Amino acid sequence: MEMHSARQLQELPYYEAQGEECRLFEHAHTSRLPLLIKGPTGCGKTRLVEHMAARLGRPLITVSCHDDLSAADLVGRHLIQGGDTRWFDGPLTRAVREGAICYLDEVVEARKDTTVVLHPLADDRRMLAVERTGELLQAAPGFMLVISYNPGYQNLLKGLKPSTRQRFVALGLDYPAPAVERAIVAAESGCTDAVAAQLVSLAQALRRLTAQDLEETVSTRLLVMAARLHRAGLALLPACRAAIIDALTDEADTSAALHEVLRAVIGDG
Ligand SMILES: Nc1ncnc2c1ncn2[C@@H]1O[C@H](COP(=O)(O)OP(=O)(O)OP(=O)(O)O)[C@@H](O)[C@H]1O
């Protein structure tokens, strides 16, 4: 395990490991391999990347991908400024030049033309062609490409092309084991261990129930939100209703079933 100064540790974004993922991340970085993190929403993918970027001492550049995101959005473009046309690096180009970690969140959302720039960066070449300026950039040593994707709902259909997937080392995350999730909920909200335990029991019960009925089930993020509402003074039952149940579904039957579980686990809160 790498040693950290007290100052470094202080500034490290809190991340509670599920298993060996920090070690894998570190080895991928040392080996100059790009990383694909897959897992459901709110399970800690982004927090892991933030934690590891700080731990490895690399700047982090995050891009939330959406269906309009193009290669030019990543690489850069010419813009008119004060009558002159100037080139502005996009986030990927900045990361390549600076040796930063570039995190493309929900990469399957991005337009297909982005794969053209990602492929040469994600294999041995570690090159980025900036066509508009005629530059061919070699990624600086600390550069690492990290992409995340949620294999749930429509993404199973959209998917990632095999030629893209096979350029990345893959890391699968899921919702953490109960003891780990309790620690996260308590640390992130400041709630008591007893409340964290109740929330995680609720999550366990809801996850069993919702596996067939919902596209996405209750995430660690929602548990933290419920705990924060409670910590701010709201009773646990309404906090869970607002942060968890009503966030999960608009459908009357499913909502009734979830409320039943809520009352069974939390009681009158
Ligand atoms: N292992 C963990 N350590 C610390 N906090 C965590 C962990 N897992 C989840 N959390 C908490 O849950 C929240 C959501 O986690 P995060 O943003 O990393 O999820 P994500 O997997 O990136 O979600 P999405 O796919 O929706 O972007 C965090 O802000 C943090 O409060």
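1. Two strands are taken to pair if DSSP finds at least two bridges between them. In this predicted model, strand β5 (residues 101–105) and strand β8 (residues 144–149) run parallel and are joined by 4 bridges. One of the residue pairs in question is that of Leu104 with Ile147, the latter being its bridge partner in β8.

2. The pair belongs to an open sheet of 5 strands, whose order is β2-β5-β8-β1-β9 and whose pairing is parallel. Because β2 (60–64) and β9 (169–172) each have a single partner strand, they stand at the edges, and one side of each is left without a neighbour in the sheet. From one strand to the next, the twist averages 20°.

3. Helix α3 (residues 45–55) packs on this sheet, where it touches β1 (35–38), β2, β5 and β8. The direction of α3 makes about 175° with that of β5.

4. A separate point concerns the hairpin formed by β3 and β4, which has 2 residues between its strands. Strand β3 (residues 76–81) is joined by 6 bridges to strand β4 (residues 84–89), and the two run antiparallel; within this pairing, Gln81 stands opposite Asp84 in β4. In the turn, Gly82 has a positive phi of about 60°. How many of the 6 residues of β3 are buried? The count is 0, and the strand is accordingly described as hardly covered.

5. Turning to the ligand, 19 residues lie around it, and Thr41, Gly44, Lys45, Thr46 and Arg47 come nearest. By class, the shell comprises 6 nonpolar, 7 polar and 6 charged residues. Helices α3, α9 (178–189) and α11 (220–231) each supply at least two residues of this shell, so that helix α3, which packs on the sheet, also contributes to the surroundings of the ligand.

6. Which domains contribute to the shell around the ligand? At least three residues are drawn from each of domain 1 (6–172) and domain 2 (178–266).

7. As for the chain as a whole, its secondary structure comes to 13 helices and 9 strands, and its C-alpha atoms fill a box of roughly 65 × 45 × 40 Å along the principal axes. Of the 269 residues in the chain, 36% are buried. Among contacts between residues at least 6 apart in sequence, 71% join residues at least 24 apart.

Note on methods. Residues numbered from 1 in each chain as written. Predicted model: local features only at pLDDT ≥ 70, side-chain atom pairs only at ≥ 80, totals over all residues. Axes fitted to C-alpha atoms, helices over the stretch in contact; angles between N-to-C directions. Contact = placed C-beta atoms within 7 Å. Near = placed C-beta within 6 Å. Nonpolar A, V, L, I, M, F, W, Y, C, P; charged D, E, K, R; others polar. Domains from an automatic or database assignment. Buried ≥ 20, exposed ≤ 12 C-beta atoms within 10 Å, placed from the backbone.
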